[in-house]
Amino acid sequence: MHFALAAVLLAVMACSGGKTSKSAEEEYCEEEPLPERFENDDLPKAADEVFDDFAYYFASNEHLQRRRINFPLTLESSRGKSLLEEEQWRMDSLFMTTGEYTFILDNPDQREQLNDSTMNVVTVEKIFFDADSVCQYIFCRNEGRWMLQGLRQQKLSDNANAPFLGFFHTFATDSAFQQNSLSSEIVFSGPDPDDDFARMEGFITPDSWEAFAPELPQDSIYNIVYTKLNNRSSEKTLFVCGISNGQELELTFRQRRGKWRLTRLTQ
């Protein structure tokens, strides 16, 4: 098998099963005229205004997906760059396979940017914790249409948000570590464990955590990067969003003296 083709196939397989600079994304998203085949793809125009809406169509419709990939697709990894031709592409259902996705913000004000119709660059990350691997899908909006412009592979340890993601993985998988990573008081909003029809607002403490502890993703996550994060931020809010049930889980962590602790939980 030709070396270049072998490298392409290895990259595709890794994405199925970093430290990113702004200039790198700009390089992928340099605007240029769209090929004629993008003129009509049966996607409502409104679906291209907000990335969330587009992503649902892209992940669930193979015909649309192929029309919204800029082939030959650039694949970037530690081996360098290679190109993926359309005939090599296989339908990728992204977060539809897990039924949920996450996103991480540095502060609550960034939430407003998620519905910003002027946003033109979004990165979807498939993160494999145990394999120390991340596959990034770089989407750009060109002439009003979202398109997949490139794939990038990296080690999780090279990801811009690696320190917090490493903490979160341990928090989600190690119950003793989780217990030791709770604030003395956690602001809580969610279902009342003693009443299926009621919600409660207030505070919970570590000794009652077991009754409120949510189920968290452990092996891998699809993380959507809407905005450039500050990896030195002392606060991170992680959202876990269900696709079919519309449920949303919100966890806020604050770092003091090098240690992250959960300070807020909204279910």
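Is Glu76 buried, partly exposed or exposed, and what is its relative accessible area? Glu76 is partly exposed, at a relative accessible area of 24%; buried means under 20%, exposed over 50%, and partly exposed in between (1.4 Å probe, protein chains only).

The views below are drawn from a predicted model, in which local features need pLDDT of at least 70 and side-chain atom pairs count only at pLDDT 80 or more, while totals for chains, interfaces and linings use all residues. Residues are numbered from 1 along each chain as its sequence is written, and side-chain values use heavy atoms, with hydrogens and water left out.

**View 1. Confidence along the chain.**
The chain has a mean pLDDT (the predictor's confidence in each residue, from 0 to 100) of 86, and 85% of its residues reach 70 or more. Helices (H or I, at least four residues) and strands (E, at least two) are DSSP runs, numbered from the N terminus. Confidence is lowest in helix 1 (residues 3-16), with a mean of 47, and highest in helix 6 (residues 175-180), with 98. Residues 1-14 have pLDDT below 50, and beyond near neighbours in sequence this stretch has 17 contacts in the model, a contact being heavy atoms within 4.5 Å. Where pLDDT is low, the predicted coordinates should not be read in detail.

**View 2**
Two strands pair if DSSP finds at least two bridges between them. Strand 4 (residues 121-128) runs antiparallel to strand 5 and is joined to it by eight bridges, with Thr123 having Ile138 as its bridge partner. Strand 6 (residues 145-155) is also antiparallel to strand 5, with 10 bridges between them, and Gln153 of strand 6 stands opposite Cys135.

**View 2. The two hairpin turns.**
Four residues lie between strand 4 and strand 5 in their hairpin, and Asp132 in the turn has a positive phi of about 50 degrees. The hairpin of strand 5 and strand 6 has two residues between the strands, and there Glu143 takes a positive phi near 50 degrees.

**View 3. The largest nonpolar core.**
A nonpolar core is a set of buried Ala, Val, Leu, Ile, Met, Phe, Trp, Tyr and Cys residues joined through side-chain atoms within 4.5 Å. The largest one has 34 residues, of which Phe51, Phe139, Leu148 and Tyr226 touch the most other members. Elements that each supply at least two residues of this core include helix 3 (51-60), strand 1, strand 3 (100-105), strand 9 (220-225) and strand 10 (235-242). Helix 3 gives the most, with five residues. Not counting residues up to four places away in sequence, the residues touched by Leu148 include Phe58, Ile69, Leu73, Trp89, Tyr137 and Phe139. Another core, of 27 residues, lies apart from the largest one; among its members are Ala172, Trp209, Leu216 and Trp260. In soluble globular proteins, nonpolar side chains tend to be buried together.

Asn70 is placed in strand 1 (residues 69-77) and is buried, at a relative accessible area of 18%. The Asn70 side chain makes a polar contact with that of Gln149 (3.1 Å); such a contact is a pair of N or O atoms within 3.5 Å, where within protein one must be able to donate a hydrogen and the other to accept it, and residues adjacent in sequence count only if both atoms are side-chain atoms. A salt bridge (a side-chain nitrogen of Lys or Arg within 4 Å of a carboxyl oxygen of Asp or Glu) joins the side chains of Arg152 and Glu76 (3.6 Å, N to O). Arg152 lies in strand 6 and Glu76 in strand 1, so this pair ties together parts 76 residues apart in sequence. Arg152 is buried, at 6% relative accessibility.

**View 4. Two salt bridges of strand 11.**
The count of salt bridges comes to six. One of them joins the side chains of Glu248 and Arg111 (3.2 Å, N to O). Glu248 lies in strand 11 (residues 248-256) and Arg111 in the loop between strand 3 and strand 4, so the pair ties together parts 137 residues apart in sequence. Glu248 is partly exposed, at 32% relative accessibility, and Arg111 is partly exposed at 33%. Arg254 and Glu235 also meet through their side chains in a salt bridge (3.0 Å, N to O). This pair links Arg254 in strand 11 with Glu235 in strand 10, 19 residues apart. Arg254 is partly exposed, with a relative accessible area of 36%, whereas Glu235 counts as buried at 16% relative accessibility.
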